[in-house]
Amino acid sequence: MRIRVAAAVAAIVIAATAAAADRQDPHQLARDLFKELIEIKTTESALGSTPAAEAMAQRLRAAGFAAQDVHVVGPGGRKQNMVARLKGTGRKKPVLLIGHLDVVEALREDWTVDPFVFLEKDGYFYGRGTQDMKDGIAIMMTTLLRYHAEGYKPDRDIILALTADEEGSNANGVDWLLKNRRDLVDAEFVLNHDGGGVIVENGKVVQVDLTASEKVYADFDLTVTNPGGHSSVPPRENAIYSLARALDRVAEHDFAFELNNVTRAYFEHIAKRSDATYAGVLRGLLQTPPDPQALQQISQDAIYNAIVRTTCVATRLSGGHANNALPQTARANVNCRILPGHSPEEVRQELVQAIADPTVKVRYFNFLTEQLDDVAPNVRGYAPPPLRPDVLKPLERVAAKMWPGAPVVPSMSVGASDSIYTNAAGLPTYMVSGSALARDDVRAHGQDERMGVQAFYSAVDFFYEYLRAVVSYK
Ligand SMILES: [Zn+2]
């Protein structure tokens, strides 16, 4: 009896401490989570995702989330994922929040600071993952902890999935969850924190992105082989010359211009805030068919060009085996970003045609098997899902309050994210985040990755309000 009373008292004390922890200053809570995440080395070569998945699960349990609502699941080993559920009234189907725990490799010698020590300096947080995307993990965790501490019961369950292997390797957590534990992550729609964002130009917020479409990633291997021979009696042709010519044709080749509902809306918004001359150019682009001069001008801008067409670019090159021998092999990697609605195989065939040299083999690099395949996948990037009012309207409302004058712009990401898995599984996915970033300070995957301190705290405030508006949208 005494023991039972003591245990009950202890339980109350623990619950009270947990609740107190969640009611701490939300910025401090978010900062603590951010620091903890940055300092867990979730690269492929170090720890993988498991320790971070465990750490976040532990945080939620300590705050009083029920054991049956917090799961660490996956193929096992270093590639576990964390899935947690904040229970709502169940009036509507759940919303799923996703974010990846893994980060790209970072070498200490390439950075001016240690990439795996959380550092606040001159108004910035430094560390690998501060932009991509441990900021988002910390923000989503903070939001869930706050709702839970307040006893908030939304109209729909909010599911948070923190996952492995978005940046590469072969145990993609979102894919794994959809295939093996759909019960844990099934939802009406998905908010992916790995995109969207608040765009800053000359210190001013100019745009809030709602990313609802993205390109598909594909690598192609170009190989030319040759019997080789002595370099003192060279024939006119050799493997390196053939490959160089092929690459030249790839560089010259333009894939077809194309707009979809998202990129069309994007250019319409840009036109509205451009000066008269440029607005005219953009309107020319939006005509069907587009005005050829407008298209020519837009294509000169690398960013706009990547929005209106599939792009391919040579990224690696190797060949030959001795200074005094004719090359027996020459190889290049060509990296392509494919517009929604088109498949890697379609692009492979277009490259073969553009190269127009049967001695150049064009094969697909399969990143799952790390093999070269003669034929590329025929899957097409998902068509952009319709812009749901319960995703768009709250964004417009909260953005207008936090960043007056900056329009919400539907956009297409020229990279690729886990949204490809959720969209393919029939869960319409939107990328929204309140992290403000200057256009010229994008350091994801690069050196000295950093996030503005105020930008981070604003993003914490933003997501708390935004998600609440989404789940209570009438
Ligand atoms: Zn990312």
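How many Å separate the centres of domain 1 and domain 2, taken over C-alpha atoms? In this predicted model, the separation of the two centres is 31 Å.

**Figure 1. Domain 1 and domain 2 of the predicted protein chain.** Domain 1 is made up of residues 26–214 together with 382–471, while domain 2 covers residues 216–373. Taken over C-alpha atoms, the centres of the two domains are 31 Å apart.

**Figure 2. The side of domain 1 that touches domain 2.** Contacts between the domains involve 15 residues of domain 1 and 16 residues of domain 2. On the domain 1 side, two elements give two or more residues each: strand 9 (204–214) and strand 17 (408–413). Strand 17 supplies the largest share of this side, with 4 residues. By residue class, the domain 1 side consists of 11 nonpolar and 4 polar residues, and no charged ones.

**Figure 3. The largest nonpolar core, with L96 and A161.** This core holds 115 residues, and L96 and A161 are the members that touch the most others. Helix 15 (residues 453–471) provides the largest share of the core, 11 residues. Both domains take part: at least three core residues come from domain 1 (26–214 + 382–471), and at least three from domain 2 (216–373).

**Figure 4. Surroundings of L96.** Neighbours within four places in sequence are left aside here. L96 is then in contact with I159, A161, V185, A187, V190 and L427. One of these partners, A161, is named with L96 as touching the most other members of the largest nonpolar core.

**Figure 5. A246 in helix 7.** Helix 7 spans residues 239–252 and includes A246. Is A246 buried or exposed? A246 is buried because 26 other C-beta atoms lie within 10 Å, where 20 or more are required. Not counting residues up to four places away in sequence, A246 touches L222, I355, D357 and V360. The pair A246 and V360 is separated by 114 residues in sequence, but by 7.5 Å in space, C-alpha to C-alpha.

**Figure 6. Confidence along the protein chain and at residues 1–16.** The average pLDDT of the protein chain is 92, and 95% of the residues score at least 70. Residues 1–16 have a pLDDT below 50. Beyond near neighbours in sequence, this stretch makes 1 contact in the model.

Methods: Residues numbered from 1 in each chain as written. Predicted model: local features only at pLDDT ≥ 70, side-chain atom pairs only at ≥ 80, totals over all residues. Core = buried A, V, L, I, M, F, W, Y, C linked by C-beta atoms within 7 Å. Buried ≥ 20, exposed ≤ 12 C-beta atoms within 10 Å, placed from the backbone. Domains from an automatic or database assignment. Contact = placed C-beta atoms within 7 Å. pLDDT = per-residue confidence, 0-100. Nonpolar A, V, L, I, M, F, W, Y, C, P; charged D, E, K, R; others polar.
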